[in-house]
Amino acid sequence: MDDVPPPTEHVVRPHHIGLLSILSLAFKDGQYKEFPSPFTLHLYRCLLNEISEVCHPKSYSDVLKEIGSGPRAEPEVCQAFLSQARAMPDTLDTADNLTVFFSNIPALFVEKPSDENPIFMRRSLFGYFCRRCFVSFIKLSFSGVVKLQDDFRKWITGYPGAGYDVINKEQLTNDFTLFKTQADKKAWAKPEPFEAWEKGLAIGDDTLAIENLRRFFEQQFNDNNDSGLRQHALLNLVRMHYVHKEYEAARKLLSEAITVSRTSGDRVILQNCVSMLHRLPPTNTGQKQTPNEIQPDLHPLEVFHDVSKLLDDQPVGVAFNKIMQAIGVQDHWIDVQIIPPPEEELWVQHAVQSIVWRSTGCDKLATIEENLIMAFIPLAASDETRLAIVLNRANQNARMGLYDQSLRNLLDPAIWSGLGMDDYATWAHAVWNILALRATRRGQKRLYQEVLLVRRPAGYHNMKFFDLNSEGPPRSKIHEALGEVLKLRKCGQATSGMEHLLRALWHSEFLFRLHEYRTGIVLLADVGLEFGMSKRSRALVDDIMPQIICGKDPEQRGFASFTLARAIIASGESSPESLREALPYLLAAEKDYECLDLLEALQDVQYFISVIYHNLDMTSERDAAARRHHATVERRDTLATTVADGEVEAILDLIGRIGVALASRE
């Protein structure tokens, strides 16, 4: 216990005077015995909540309002007590009256000469509070008493910050305290700078954050010349740079933090630094990230993060093995930690499992895992796990064509109201991605290039996800290969992309990425039609179609239905029977493309439907399909030339106003 710093000194604050006023009025001369029992119990609870200081102190009027709202507060004795309490601050209008008030406080806890017990026992919470406030008051100088009375008057009249400034403890200038104990001569560590550091992070003020982090760890934590906690400050700075994606700055500070942790013998911080080092992207192109080795002080969230390193180039079974390993580390962590971890961390495993299940193409299992998190983490909680699930679900809904629903969910104040600026950037970029996805699917190139790209929020952005011909960072092997096939197909050279297509199929089957595998199979059938292998193409799509129909990707389903219809017609040599058999698949593809606003593909399908109706001599249906095709062409031409979109402008303006509001929080 020699390394434990002395207890923090006690300073009388304005809210202490308010609580002492209520205690002196409620319990003097045994008056509390006349209160109804329910009212007395409620009074105890209100005072205990305020005295324990588990949250920021309420104003004097709020405390009295809470006490007056309790049960059985109607009797005359209760109303008389509340009236006296409301008038009590007016009697403390001078420093002399405040001194007289405190001189009567010992009557609450000082033992009487007779055998009768005092009102508050000295070791009770109320007695300890009264005695501590009284001792702190008698140590004050006359100027300190005058300042305390002035601060109390301002606090009562509506200035909540009055009387809560930091006391200067310089020996030459500290005239606030007349009788100084050892604790009054040294300024021991206070939590306020760390609170300011967290506030700076939340509002995006890096200068304020770094300055207060330095101030916090430079405080007097023990009697030594060095606090021995410099490695904590460095680790927090590394985490800030990592969240900002400033990886070079994080790497430089991390090497210093590792050296300081080893010098001070701090094994826990050293393990955290090594884990952060494994999170940083590799410096050499093509180098893989190193997973963490299981160590006694390794945090389970670091093992869960290792799962993301295995999703790109490892079979899905390896990712699930790592999840099971992380769950074991989490159980061990809960057992050995003195303080249990936050409840939100227990649901991280379900978030990771939902991501892995969705990457394999098992959307229903991923939805089940997401529902667990949405059910057990409160709606208004600023939790990154819930935010990740909300963003993933909104992105999934947008891929299904539910753009308005996705935007409504993300723009709900319960989602963004408690976000820090880093999480706000992630949220704003997710909203922008939905707008960009809708614009590119509709063929609104001018809106995308002249409005959306100009006002794109900060964050990771890869143009390849929206435009195949654009440059961007390399994606996974499967996505790169499929992208090459789609570019060649758009140019009418799909047969030249067989090598890329077979490579994508091999990797997706080996890595068990079912969603990409289904897309590759449909593309293989489409290329087979170019080679005249209509029967083989039909067999390929027939085998995979049950999985696609039951899936939640209308774009993939529409493409598969269109390809299957063409294969049926080609294998049946355009006979009336084959045309009738293919017609339901074409109608299903039209419905999916219409839901997604994929106007170019919708136009092709509607034209194909009108031709089939014409060949079947179904004149009225042909004319209806032709009218739908003509309406689609007109809408596509109109949207292609549209630059100003009121809805998009309003959403982008709202994102900006939300960012300003979050950055200006107090």
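The model is predicted. The protein holds 30 helices and zero strands. Its radius of gyration is 35 Å, well over the 26 Å that the globule rule gives for 666 residues, so the protein is more spread out than a compact globule.

**Overall form**

- The C-alpha trace spans about 115 × 65 × 45 Å along its principal axes.
- Of the contacts between residues at least 6 apart in sequence, 62% join residues at least 24 apart.

**Burial, surface and charge**

- Buried residues account for 45% of the 666 residues.

**Salt bridge between Asp653 and Arg455**

- The structure contains 35 salt bridges, among them one between Asp653 and Arg455, whose closest N and O atoms are 2.8 Å apart.
- Asp653 belongs to helix H30 (residues 646-663), while Arg455 sits in the loop between helix H21 (445-452) and helix H22 (477-490), so the pair ties together parts that are 198 residues apart in sequence.
- Asp653 is partly exposed, at 34% relative accessibility, and Arg455 is also partly exposed, with a relative accessible area of 32%.

**Salt bridge between Arg566 and Asp526**

- The side chains of Arg566 and Asp526 form a salt bridge with an N to O distance of 2.8 Å.
- This pair links distant parts of the chain, with Arg566 in helix H26 (residues 554-571) and Asp526 in helix H24 (residues 514-530), 40 residues apart.
- Both Arg566 and Asp526 are buried, which means that each has under 20% relative accessible area.

- Glu499 and Arg503 are joined through their side chains by a salt bridge of 3.2 Å, N to O.
- Both residues lie in helix H23 (residues 498-511), where Glu499 and Arg503 are four residues apart, about one turn of the helix.
- Glu499 is exposed, with a relative accessible area of 57%, whereas Arg503 is partly exposed at 35% relative accessibility.

**Salt-bridge network**

- Arg358, Asp363, Glu370 and Arg393 are connected to one another in a network of salt bridges.

Terms used:
Residues numbered from 1 in each chain as written. Predicted model: local features only at pLDDT ≥ 70, side-chain atom pairs only at ≥ 80, totals over all residues. Heavy atoms only, no water. Helix = DSSP H or I, 4+ residues; strand = E, 2+ residues; numbered from the N terminus. Rg over C-alpha atoms; globule rule 2.2 N^0.38 Å. Buried < 20%, exposed > 50% of the residue type's maximum accessible area, 1.4 Å probe, protein only. Contact = heavy atoms within 4.5 Å. Salt bridge = Lys/Arg side-chain N within 4 Å of Asp/Glu carboxyl O.
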